[in-house]
Amino acid sequence: MSKNRRIALVFGGFVTAVAAAFYPIFFHPLVYKDEYRHVQKMNRTGINQEDVQPVGVKVWSDPFGPADK
């Protein structure tokens, strides 16, 4: 096997490994948004955000929501 082919295979394997690692982390939730929203809604039932928020930290609000005036 030539040196260039070996380098191409190693680089291709690295790219494939990174892509395989990113699929379940980024692309799967992006494609199946409704499924993840449903799971998050079930997991967060019964949790009061003010109770789990650290003292002195403002409760999270949507940064893209309309501004309060």
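This is a predicted model: local features need pLDDT of at least 70, side-chain atom pairs count only at pLDDT 80 or more; totals for chains, interfaces and linings use all residues.
When the whole structure is searched for aromatic pairs, 1 is found. It is formed by the rings of Phe-26 and Phe-27, whose centres lie 5.0 Å apart and whose planes meet at 80°, so the pair is classed as edge-to-face. The reasoning rests on a cut-off, because planes over 60 degrees apart count as edge-to-face.

## The helix and its bend

Helix H1 covers residues 3-31, which makes 29 residues, and from its first C-alpha to its last it reaches 39 Å, close to the 42 Å expected at 1.5 Å a residue. At Tyr-23 the helix H1 bends by about 55°, and a proline, Pro-24, follows within four residues.

## The protein as a whole

The protein contains 3 helices and 0 strands, and its elements, read from the N terminus on, follow the order α-α-α. Along the principal axes, the C-alpha trace spans about 65 × 25 × 25 Å. The radius of gyration of the protein is 22 Å, whereas a compact globule of 69 residues would have a value near 11 Å.

What share of the 69 residues is buried? Buried residues make up 0% of them. The protein exposes about 6900 Å² of surface, and carbon and sulfur atoms supply 63% of that area.

Notes:
Residues are numbered from 1 along each chain as its sequence is written. Side-chain values use heavy atoms; hydrogens and water are left out. Rings of Phe, Tyr and Trp (its six-membered ring) pair if their centres lie within 6.5 Å; planes under 30 degrees apart count as stacked, over 60 as edge-to-face and the rest as tilted. Helices (H or I, at least four residues) and strands (E, at least two) are DSSP runs, numbered from the N terminus. The expected span of a helix is 1.5 Å times one less than its number of residues. The bend at a residue is the angle between axes fitted to the seven residues ending there and the seven starting there. The radius of gyration is taken over C-alpha atoms; the globule rule is 2.2 Å times the number of residues to the power 0.38. Buried means under 20% relative accessible area, exposed over 50%, partly exposed in between (1.4 Å probe, protein chains only). Accessible areas come from the Shrake-Rupley method with a 1.4 Å probe; for residues, only the protein chains shown count as cover.
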